[in-house]
Amino acid sequence: IDKFIWGLRASGFRATNIILHALTCIMFYIILRKLKFSQMFSFLGVLMYAIHPAHIGSVAYISGRTDILRTLFMLISFLSYYDGKLIPSFVFCICAFISKEDAAVLPVILLFSDIILKKRYSLRIFPFLILMPLYLIFRRYFLNTDDFALVPTDFLYYATIAKSFFAYLKILFLPYSLHFEKFYPVETSFIQGIGYIIVFLAFLIFLIKASLKKPIALFALISFFLVFLPVSNIIPIYPKLSKKYIFLADHFLYMPYVFVLIFIFDFVARSGLLASKMLKLIYIAFNSIFLLFFFYNIPVWKNEEVFYKDIIKKSCFPLRAYNNLASYYGRRGDVRCLVYLEKLKALMEKDYIYYYIIKTHWHYFQEKNIEKAIQTIEQGIENGAKHPILYFIAGDLYFEKGEKRKAIIYYENGLQ
C-alpha cells in the first residue's frame, strides 16, 4: 500500500508511520476516557505519550512500524472487548498477532480486564485464549521457530534481566543516550545477581501492595508486565550472544508505556493531587525534558551514516551498526567499508563470511567490473549467505548497470 501511494520515497513511508502514531495516540485518549479519566487528564496523558523520545525509534525508523501497528491493533481490540464488541475485538486481536509476535499476551490482558475492571468471569474470553496456543503452534511448525528451546538456564542471566528492568525505567523517565544497540553485559558476580533479584522483587511487591485497592492501577501494572515480558529477554532476542549480553531497545517500550501512564495517572487522579501546583510543575518539567531530548535526537536521524556512527559512539557492542555502516559504504564503493568490516570481524571474534564476499565485490567494483562484482554477490547468496546486506548490494549493482527491474527484485528480497 505504501509503495502504491508513495512510490519508493522514504519520506512517504515515514509519513505513514506518523499517521499511525497519531491514530495510536487517539486510541489511547479514547481508552483513558473510557476508564473515567477527565478530558483534560486524558489529553495530558496522551501528550506525554506522543512526544516521548523513546518513540522516535518506532516512528522515524520505517521498520519500527511493527511496534506502532501492534500497539494500535491491541488498543482497538481492548477497547472493542471492553465495550462488548467481540467480533471486532477478535479481528483486531489477530491483526495484532500478525503485526508482531509479542502481541500474543493480549488475550491474557483481556482476561484480566474482565476480572479486575469488570469484576466478572466470562466465557467470552475463551476464543481469545485459544488463539495463543494456536499462534505458538503456527510459529513452531510453520515458521520453524522453537521459542522455548532458546530459554537460558543460567541464574546470572536472569539476574541481568532484573537489572535491565531498571535500565528500562531509566529510559522511560530520563530518556537520554537513546540508540538501537543497547547490549547489556550479563552479570558476572553471583552476590550482585542475588542483590538485583531481591531489589526487583521488593519493588514489585511494593507496586502490587500499593495498587491492590485501585483496580485500574492494578490492571495497568499487570498489563505492563505482560507486555514487557516478551521483550525482557526471557527468550533471548539474540540467542547466540546470550552468554555475554542481553539486548535492550528503546522502541520496545512503545506499548508498555501506555500502561505505565495509566498506572501513574490513576494514582494521581485517585489521590486528590490533581490540583496540586507541585504536580503541575512536575508534569511541565517532565514534558520539557521529553521535548529537549526529542529535539536533541532528531539530527541523529539525518542519514544512515550519522545514525550508525552515533550508535557506535554510545554502544558497548555496536554489532549491527558496524554491519550496516559497512553495507552503507560498500554499496557506494567506499574503502571505509573494509574498515568497519574489520571492526565487525574483531567484534564477532571469528571469521565473518560477509567480510570476504563484500571485500571481493568491492575489489571488482573499484575496477569497474560490474559483471564480476554481481557474480561475486550472487554466488555468496547461492552458497547460503542470504543476508539483507548482500541483496541491497546486488540491487545497487543492477541499478548501476541500468537493469532496474532486477534491482527492485533484490531490494524487495532484502526487505523481506
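Let us begin with burial: a residue is buried when its relative accessible area is under 20%, exposed when over 50%, and partly exposed in between, using a 1.4 Å probe and protein chains only. By that rule, 48% of the 416 residues of the protein count as buried. Keep in mind that this is a predicted model, where local features need pLDDT of at least 70, side-chain atom pairs count only at pLDDT 80 or more, and totals for chains, interfaces and linings use all residues. Residues are numbered from 1 along each chain as its sequence is written, and side-chain values use heavy atoms, leaving out hydrogens and water.

The protein has 20 helices and two strands, taken as DSSP runs numbered from the N terminus (helices are H or I with at least four residues, strands E with at least two).

Now turn to one helix pair. Helix α6 (residues 86-99) packs with helix α8 (residues 126-141) at an angle of about 20°, their axes being 11 Å apart; axes are lines fitted to C-alpha atoms over the stretch in contact, and angles run from 0 to 180 degrees between N-to-C directions. That makes α6 roughly parallel to α8, a label for angles under 35 degrees. Touching residues (heavy atoms within 4.5 Å) include Phe 90, Cys 93 and Phe 97 of α6 and Phe 128, Leu 131 and Tyr 135 of α8.

At 0% relative accessibility, Cys 93 counts as buried. Cys 93 is in no disulfide, and the nearest cysteine sulfur, that of Cys 95, is 9.2 Å away, whereas a disulfide needs a pair of cysteine sulfur atoms within 2.5 Å. The structure as a whole holds zero disulfides.

Technical notes
Parallel < 35°, antiparallel > 145°, perpendicular 65-115°, else oblique.
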